[in-house]
Amino acid sequence: MTEELDASKTGHSDGPPLSFVAGAPLALVETGLIRAHAFAALAGLIIAASFGTVAAIKLVQPDFLSGQVWSTWGSIRANHTQGIIFGWLSNAFLSFLYFAVPRLGGRPVTSRRLGWSLFALWNFGVVLLGWVLVSVNLPNYFWAIKPLEWTEFPLAVTCVTEFCLVLMALQFIPPLARKPNNDGIYVSSWYIIGGLVFTMLAFPVGSLVPLLVPGAIGAAFSGLWIHDAVGLYVTPLVLAIAYFVFPVRTGQPIYSHFLSMIGFWLLFFSYPLNGTHHYVYSAIPMDTQRAAIAASIITGFDVILVVLNLMMSLRGQASLVRRDLPLRFVWTGVVMYLVVSLQGSLQALMPVQRYVHFTDWVIGHSHLAMLGFATFVTLGGVAHLCQRTAGCRYHHGYLNLAYWLILGGLTIMFVDLTIAGLIQGQLWIDGAPWMESVRASQPYWLVRAASAVPILLGFVAFILGTTIRDENRRVDTNRHVPLLAAPTAQASHG
Amino acid sequence: MDFKYTNDFVSNFWSMYVVVISLVGIIGCGVFLWMQGSVKHNPGQTTGHVWDETLAEYSNPLPNWWRWMFYITVVFALVYLVLFPGLGTFNGKLDWTARGQYDAEMKKADEQYAPIFNKFLKQDIMTVAANPEAKEMGQRLFLTYCAQCHGSDAKGAKGFPNLTDSDWMWGGTPDKIKETITKGHDAVMTPKGTKPDMDAEQVKDVVAYVRSLSGLSSDSIRAQRGKELYPQACAACHGPEAKGNQDAGYPNLTDKVWLYGSSEAEMIYGVTNGRINRMPAWGDFLGEAKVHLLTAYVWGLGGGVKPAPVIAPAAAEQSGTAGTPVGAVVPPRQETN
């Protein structure tokens, strides 16, 4: 594997000379698993986004693809949201973890065989099985779609998922938790450890407990997963990527270790209560709703701190942010993190909530979070690890195109849904007939469905940019070798 | 107001659980920050730790503006929980409840709209139906409560009757329509009518006969055989001449208006398996005034039948409605337990 190391030195010429030296850690990296998970992630992204597109089209053309169980709006929506978190984000996180954990911990992940078992179990036992079961929707309780948001995959799949989450903790936490050369634990490692531990605990609380205690109590618990999936799984791992990519791409240290730590602990302190703000004005006790609101405000201020720390780490690097694609992707995601979090804190307040609850405003918000924040940062992470994985180079042109397409599509979708939400909320508060709000939403749903075109094209461009071989590129720009090409390709570029 | 604190969360446990987490979380955040005040920093220098050759962190302190802003959020959270019902069964200093907010808004709406509802409630259906303002209000109500079944144009759908034609299963006079909306109706056709031992061929025969009554294509030999089965199997409900019975909601089979369409297969299916259909009751949910407006709206859609002249229409209308308290327009929502 040693010839790959040189390739990484010659790469990247856009930025300052990188102090990245292919040291010992690289030899510990499981390149095969990085590739496999990256490939699964990108496939998951396209499939899950296509599900979302079909759901969006159905709002405009209800008869589109109608008549089959698998193509009803309900299953399609579940397959979209579950596909995004389990198929796309989780696989991308795993790919990044196989890349980063050995570098952060100075030792290999627990076991390569465990890695491949986890890969198979996750993709076949969780993602594919989940999609199939939701599509056929068997009548049996154990195999049927679960009526719980963000954990709609059937109970059978939930069990496999929880098992996999435990395996993930076993795979990645030991190499991180034992300090490398007495060097302490880097902030990314904190986030990885925290995210994996909390997810392992929060997932059963939010997706099994509601089945045992039905009714409003169960709903309150399911709210914990709806938001903990975002706050204690996606957010920590995405922030781990951001804290990793920023200093590596700029060669400049993080602004403040102290801010990193405060940001980390406050996130885990204030987040767990946040979940129930999904049930403001509902049949759960007012004290729980109010506590969730108070916690949401505190979380907003924590996010300000985290974003401040990340942005200050880029001081003086504006032109690099513009030129360097992984950095630009991650930077954009971090900006959206700030916007979406402040929006979220405001939304939790009752006067705002009564206006936007159940409207498309919320759908705009969730896309700003999952597509704007999580996906942008994660795509940046994938681009970065593509650049730094043996024999791989991303294709600058395609990735730049992907960036603008996805950003454009997301902006259209977000603005469109936000306006639609305000209009719907106003009509409902005015007591207008339901049908009137449906009619008023039509043009906005059309635009939203159309916004899927640039977004999907952007994803395709990203995939091309990391998989297509571009032999003609000049050597002085980033040499491009497909991320997913067979490992033998390395030799010719080494 | 007799609002009681009732919910699924019957034991105190969950309240205490949330109280503890909230207070420990909020105060913990504050204390945690306070304790960090004594940490020493070396601005501009890294912590000395390096990972993977490039990953390092400076040792800069927390900006003071942020620190104070965060203390303010902690104070905000505590004040918030004192003012509003956020700590167990403590109702908050402002005595705010979601129920109270709802009641206040409904009261305001009642005060605003009661005179208008009252005005129409005193008029008879045909007068109200002629009033454009009432028609508009009726349409809004219809679009909100009825359109999902009868369609926004009230023309119905398979299994849901068209309300704009002059064909009524339950009668089209103001009284009858009002009764339908207030009390709802259940329509049941038993499988194979009153002759459950019919075989598939006999069902086809009787369907052929029914089709022949409204001039639909049918096999005349079958229709002849069906005619003999009809009195025993169907007449009890649809009547000896198949003209139906509006008092019990049995549809007229000779009028060329079909709830489930005029295809032979659909009829065979219906007669073989029976039909169960329900128009929900709206009286309790909407209250008399809204039902009155809806009746006028439906009656005025084109198919309304004038009441028989024997009964003085105004008197009949008024007797049932006069003196109804307007508060009943919006029945208080049931307390969930």
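Predicted model: local features only at pLDDT ≥ 70, side-chain atom pairs only at ≥ 80, totals over all residues.
Residues are numbered from 1 along each chain as its sequence is written, chains are lettered from A in the order in which they are written, and side-chain values use heavy atoms, with hydrogens and water left out.

**Around A:Ser90**

- A:Ser90 counts as buried because its relative accessibility is 1%; buried means under 20% relative accessible area, exposed over 50%, and partly exposed in between (1.4 Å probe, protein chains only).
- Leaving aside residues up to four places away in sequence, A:Ser90 touches A:Ile85, A:Trp122 and A:Tyr233, where contact means heavy atoms within 4.5 Å.
- The side chain of A:Ser90 also reaches the backbone oxygen of A:Ile85, at 2.6 Å.

**The two chains**

- Chain A has 18 helices and zero strands, while chain B has 14 helices and four strands.
- Of the 494 residues in chain A, 64% count as buried; for the 337 residues of chain B, the figure is 39%.
- Among contacts with a separation of 6 or more, residues 24 or more positions apart account for 80% in chain A and 65% in chain B.

**Where chain A meets chain B**

- The interface brings 61 residues of chain A into contact with 57 residues of chain B.
- Together the chains bury about 5,300 Å², 70% of it on carbon and sulfur atoms; buried area is the accessible area (1.4 Å probe) that two parts lose on being put together, summed over both.
- On the chain A side, A:Phe258, A:Asp287 and A:Arg290 lose the most area to chain B, together 13% of what that side buries.
- One salt bridge is found across the interface, by a rule that asks for a side-chain nitrogen of Lys or Arg within 4 Å of a carboxyl oxygen of Asp or Glu.
- The partners in a salt bridge between the chains are A:Arg354 and B:Glu105, with their closest N and O atoms 2.7 Å apart.
- Elements giving two or more residues to the chain A side include α4 (73–105), α14 (350–356) and α17 (434–467) of chain A.
- α11(A) gives the most to that side, with 14 residues.

**A closer look at α11(A)**

- Helix α11(A) is largely enclosed by the rest of the structure, because 24 of its 27 residues are buried.
- At 1.5 Å a residue, the 27 residues of α11(A) should span 39 Å, which agrees with its end C-alpha atoms being 39 Å apart; the expected span is 1.5 Å times one less than the number of residues.

**A loop in chain B**

- B:Gly300 lies in the loop between α13 (288–299) and α14 (313–321) of chain B.
- B:Gly300 counts as partly exposed because its relative accessibility is 37%.
- The C-alpha atoms of B:Gly300 and B:Thr127 are separated by 10.0 Å, although the two residues are 173 residues apart along the chain.

Definitions and conventions. Polar contact = N/O pair within 3.5 Å; in protein donor to acceptor, adjacent residues only side chain to side chain.
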